[in-house]
Amino acid sequence: MKQIKVKADTAELDNVLSFADTILEELGCSVKAQMQIDIAIEEIFVNIAHYAYPEAEGEAVIYVEPGDGSSSVTITFEDEGIPYDPLKNEDPDITLSADDRPIGGLGIFMVKKSMDEVSYEYKDGKNRLTIKKSF
Amino acid sequence: MLNITKNANGNTLKIILEGRLDTTTAPQLEAQLQDALGSVTDLKFDLEKLEYISSAGLRVLLASQKIMNKQGTMVISNASAEVKEIFDVTGFSDILTIE
């Protein structure tokens with residue numbers, strides 16, 4: 001398992017993606033799965049950067065763990081910000097017309113749709129969001 | 001990294017996007033569109049060289065669609081299979097005109 005610890009700031013997004021992409025490329029991840037995983041990382045990390053630490057600066061740790069046989073990956077996002085389970089948000093209504101659809105609310109929905117498993121726990125003062133994807 | 005190329009011809013505006021439309025780059029596109037859409041009635045996006053789109057990028061496309069619904073048409077062309085799948089999963093295939 002490899003990990004990266006960064007400031008919970010969107011300016012760190014490219015560093016987090018480079019870190020994960022290097023591992024995904026070593027694992028032989030397909031282009032499609034890598035894009036889906038990158039999107040999931042972006043949506044989750046940006047959420048942490050925007051909402052976890054409303055009053056101060058904080059950090060996030062991202063753990064990347066290849067699965068058995070290297071054809072899957074598990075990625076865990078950990079922060080010590082306010083307890084927040086993004087999976088509880090109601091899914092957006094994707095049948096509405098363009099005029100009726102709100103701008104936003106799609107990020108976590110895309111994560112849920114494209115990953116094989118998504119789970120959340122709050123433990124020992126930490127938010128832990130875990131995604132798993134086979135490729 | 002996102003390259004934005006704008007070709008304006010009368011009330012037609014074609015925008016070629018190259019690279020990644022994400023949290024970091026979406027504000028650049030949003031700012032350019034705010035300046036450029038004024039009298040446009042025919043907006044075209046060429047996504048042939050767009051490698052990646054996240055919800056931040058989708059937000060900008062939806063905002064553009066809302067504007068163009070009031071003043072003309074918006075068409076998206078040449079999206080890759082991966083980008084098209086994002087449009088499918090999010091229901092954008094139904095609200096955008098994709099050719």
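Biologist: Which strands does α1(A) lie across, and at what angle does it run to β1(A)?

Modeller: α1(A) lies across β1, β2 and β3 of chain A, and its direction is at about 170° to β1(A). Helices (H or I, at least four residues) and strands (E, at least two) are DSSP runs, numbered from the N terminus. This is a predicted model, in which local features need pLDDT of at least 70, side-chain atom pairs count only at pLDDT 80 or more, and totals for chains, interfaces and linings use all residues. Residues are numbered from 1 along each chain as its sequence is written, while chains are lettered from A and ligands numbered from 1 in the order in which they are written.

Biologist: Where does α2(A) pack?

Modeller: On the sheet, where α2(A) touches β2, β3 and β5 of chain A. Its direction makes about 10° with that of β3(A).

Biologist: Why is α1(A) called roughly antiparallel to α2(A)?

Modeller: The two helices pack at an angle of about 150°, with their axes 10 Å apart. Roughly antiparallel means over 145 degrees, on a scale from 0 to 180 degrees between N-to-C directions, so α1(A) is roughly antiparallel to α2(A). α1(A) passes α2(A) in a right-handed crossing.

Biologist: What makes the contact between α1(A) and α2(A)?

Modeller: Among the residues involved are Leu13(A), Val16(A) and Leu17(A) of α1(A), and Ile37(A), Ile41(A) and Phe45(A) of α2(A). Being in contact means C-beta atoms, placed from the backbone, within 7 Å. The residues of this contact divide into nine nonpolar, one polar and three charged.

Biologist: How do you know that β1(A) and β2(A) pair?

Modeller: Pairing needs at least two bridges found by DSSP, and strand β1 (residues 2–7) and strand β2 (residues 59–66) of chain A have six, in the antiparallel sense.

Biologist: How many bridges join the next strands?

Modeller: β2(A) and strand β3 (residues 72–79) of chain A have seven, also antiparallel, and Glu65(A) stands opposite Thr74(A). These two strands form a hairpin with five residues between them, and Gly69(A) in the turn has a positive phi of about 75°. Eight bridges join β3(A) to strand β5 (residues 126–134) of chain A, where Glu78(A) stands opposite Arg128(A).

Biologist: What makes β1 and β4 of chain A edge strands?

Modeller: The open sheet has five strands in the order β1-β2-β3-β5-β4 (chain A), with antiparallel pairing. β1 and β4 (117–123) of chain A each pair on one side only. The twist averages 15° from one strand to the next.

Methods
Angles under 35 degrees count as roughly parallel, over 145 as roughly antiparallel, 65 to 115 as roughly perpendicular and the rest as oblique. A crossing is left-handed if the near helix is turned anticlockwise from the far one by less than a right angle, and right-handed if clockwise. Two residues are in contact if their C-beta atoms, placed from the backbone, lie within 7 Å. Ala, Val, Leu, Ile, Met, Phe, Trp, Tyr, Cys and Pro count as nonpolar, Asp, Glu, Lys and Arg as charged, and the others, Gly among them, as polar.
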